[in-house]
Amino acid sequence: MIIPGLTHLRPLPLKEFLYGSAYYPEHWDAPTRTTDPELFHAAGWNVIRMGEFAWDRLEPTEGRFDFSLFDETIARFGAVGIRTIFCTPTATPPRWLTLRYPEVLRVDAQGVVQKHGSRQHASHFSDVFRTHSRRITRALSAHYAGNPHVIGWQTDNEFHCHFSEDHSPAAHAAWVEFLRARFGGEIAQLNRTWGTAFWGQTYDAFEHVPTPRGGQPTHPNPAHSLDYYRFLSHGVTVFQRDQVEILRAANPAWWITHNGCFSHIDFAGDFTRDLDFLSYDSYPLFDFDWRTRPANQAFNTDYVRAYSGNFVVMEQQCGPGGQNQYLLDTPEPGEMRKWAYVNIARGADGMLLFRERTCRFGAEEYWIGVLDHDNVPRRRYREAAQLGAELQRIGAAILGTAVTVRIAVAGAHFETQSAHLPLTLGLPSPRNVAETVHNYFYRAGHAVGCLHPTDTLAGVSVFFLTHFAMIDSAWLPAWQAWVEAGGVLVIGARSGSKDMNNNVVATTLPGALRPLVGASVEEYGHQNRPELRPLALRFTGAAVTTETWYEQLLPDTDTETVARWESRHLAGSAAITRRRHGKGWVYYVGTYFSPLIIERLAAHLASENLLPAPLCTVPRVEVSERRGSEHTLRFYINHGEQAVGVPLAHSGQDLITEQPVSGSLTLEPNGVAVIRLGHSGQANDF
Ligand code: GAL
């Protein structure tokens, strides 16, 4: 059931909207396990997820499997209509395995062999570990292939969550083979591509090439580092593929997913193509500032959707969470439900809470679940039950719809983000800047989202390319065609300055983007202490101070200068240019996208009628739209501390209250409305 082509517009092929939680039968006694199914059924659960850390229980000694605890749990929940997502348990290999096969342990950048006692301690590159991973996956999938209550699988748990690097002997052996394949067996090709002439790094054999790690006096070669990050992504993809192939062969009707979006995995590549869809774990309270939290959650969610389209939230925080040294804020009444609607408004086609009940032992004994340690249902349970009842009513209308994006910010490109890390120049990463841009349009109530650079631009009016140093010239024809048809491409400084090997291009900047931009960069510089020596440009009739970076531009004769520098030696030279291509424009901005620059750019685009209208301009009210072939849904969410009135440009029906709405809407704090518009309702709204 894989849908080819990953795009932000891809809905999920699920038969019902999934709602439930992670569930850990290995943490509960028999009486609790007996009463749990009814308790969660009453709260509207239709699914639980199990098994990701239970390998020791599933295979207590090598080759002796015991699935009885899970069989019993699956059957009990199945009897009340709650189905199971099972996980391959490879995030926590059991002690017998690490004792008998210590060579499976990962090694960190300092050369420290990871010890048993927490999680994610085994190497994806170890053939021995892969053999055991295939063995447990085979045993589980054969056992559950005919079980009608098992509907899908999650591979492992949050690959690369704690750390992504691996410098074990097994990783080095795999690295050598990866490089051999990448460079066609020619070590000279590696030397040329990486520029090993710098600091005398020339290699005579692939076996001699180290993984870039700590213990070096100063910084490694950025091309070497980027290929290492590609190698990490490749390694985890291959490790996961072992499991996927076994699961698919056992029961082709199962869907397969993975939860979490951590570093050094290309989630817009084979890793996700091997799956049916991606899942995401949503923990909004890791933003400690409640005022920025909504924008932060929206950005993170949009970033995930950009990889492959709609997703399932496999874990959503429902209480405060704590591990050693921290305990997050306690969600106030209504917050957990509100976060769920934010996730749904921005692309979730399923919502599982983390976790069913707070465990009384282990490193997460203060990671608060739906139920407290004492198992008394309190306000979190009641709120989860309210959400469950609502989703039972409205879930079907959500499935099949995709989130509207009119203003897109480039993101979700793993290589560009990874390439930044070994040589940051003290600059924010493409992802950091994407968040700055997203934030502005989010707060202004626009249909903003993130977009992978190879994704379709259909329906998008304005596309911000946020300082993508690495540009693949294969991306350009689609951008050119979209601009000619009327799109507005806004390119940030430094874009096009590197090739896909993370080396600087030899051509005058902006390199491969030069024909689109119609201007060249005469000089660039880092603004190290802009508060001491500010640089300003004149834009939309005002002086705008810049931060971070300046570029002095030389526009071609048919390129307009939109803003000029007005400070020191730059005074009078072009700072922002634009060039017409067909019906559209390419803007080039010779500085970094700061909040102030974005605000002025938005004002300029609006004055030129190039900016779509926002969906809603009520402060602290989030609006998102999901469209399907049958209807359009508008989600209105109040993040403020007061009730607010929201004017509506259209009438429709609030799916939550099942009442008709028109004219305006009142939203309480943490209040949510999901308005279904008839198809006639959507046309005039932009
Ligand atoms: C997630 C992880 C869970 C649990 C949770 C709370 O990242 O997948 O297993 O650890 O965080 O810390």
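## Backbone features

The structure is a predicted model. R355 is joined to F354 by a cis peptide bond, with omega at about 0°.

A cis peptide bond also joins L509 and P510, where omega is about 10°. P510 belongs to the loop between β15 (488–492) and α16 (514–517). A further backbone feature is found at W199, a residue other than glycine whose phi is positive, near 55°. W199 sits in the loop between α7 (187–194) and α8 (222–250).

## Ligand surroundings

The shell around the ligand consists of F53, R119, N157, E158, D281, Y283, E315, Q323, F354, E364 and W367. By residue class, the shell divides into 4 nonpolar, 2 polar and 5 charged.

- E158: 2.4 Å from a side-chain N or O atom to an oxygen atom of the ligand.
- E364: 2.5 Å from a side-chain N or O atom to an oxygen atom of the ligand.
- Q323: 3.4 Å from a side-chain N or O atom to an oxygen atom of the ligand.

Taken alone, the ligand exposes 300 Å², and the protein buries 93% of that area.

## Packing of α10 and α11

Helix α10 spans residues 293–308 and helix α11 spans residues 335–345. The two pack at an angle of about 35°, and their axes are 10 Å apart. The crossing of α10 past α11 is right-handed.

On the α10 side, the contact is made by R293, Q297 and T301. On the α11 side, E335, W339, V342 and N343 take part. The residues of this contact divide into 2 nonpolar, 3 polar and 2 charged.

Key:
Residues numbered from 1 in each chain as written. Predicted model: local features only at pLDDT ≥ 70, side-chain atom pairs only at ≥ 80, totals over all residues. Heavy atoms only, no water. Axes fitted to C-alpha atoms, helices over the stretch in contact; angles between N-to-C directions. Helix = DSSP H or I, 4+ residues; strand = E, 2+ residues; numbered from the N terminus. Left-handed = near helix turned anticlockwise from the far one by under 90°. Contact = heavy atoms within 4.5 Å. Nonpolar A, V, L, I, M, F, W, Y, C, P; charged D, E, K, R; others polar. Near = heavy atom within 4 Å. Polar contact = N/O pair within 3.5 Å; in protein donor to acceptor, adjacent residues only side chain to side chain. Areas by Shrake-Rupley, 256 points an atom, 1.4 Å probe, with all protein chains shown as cover.
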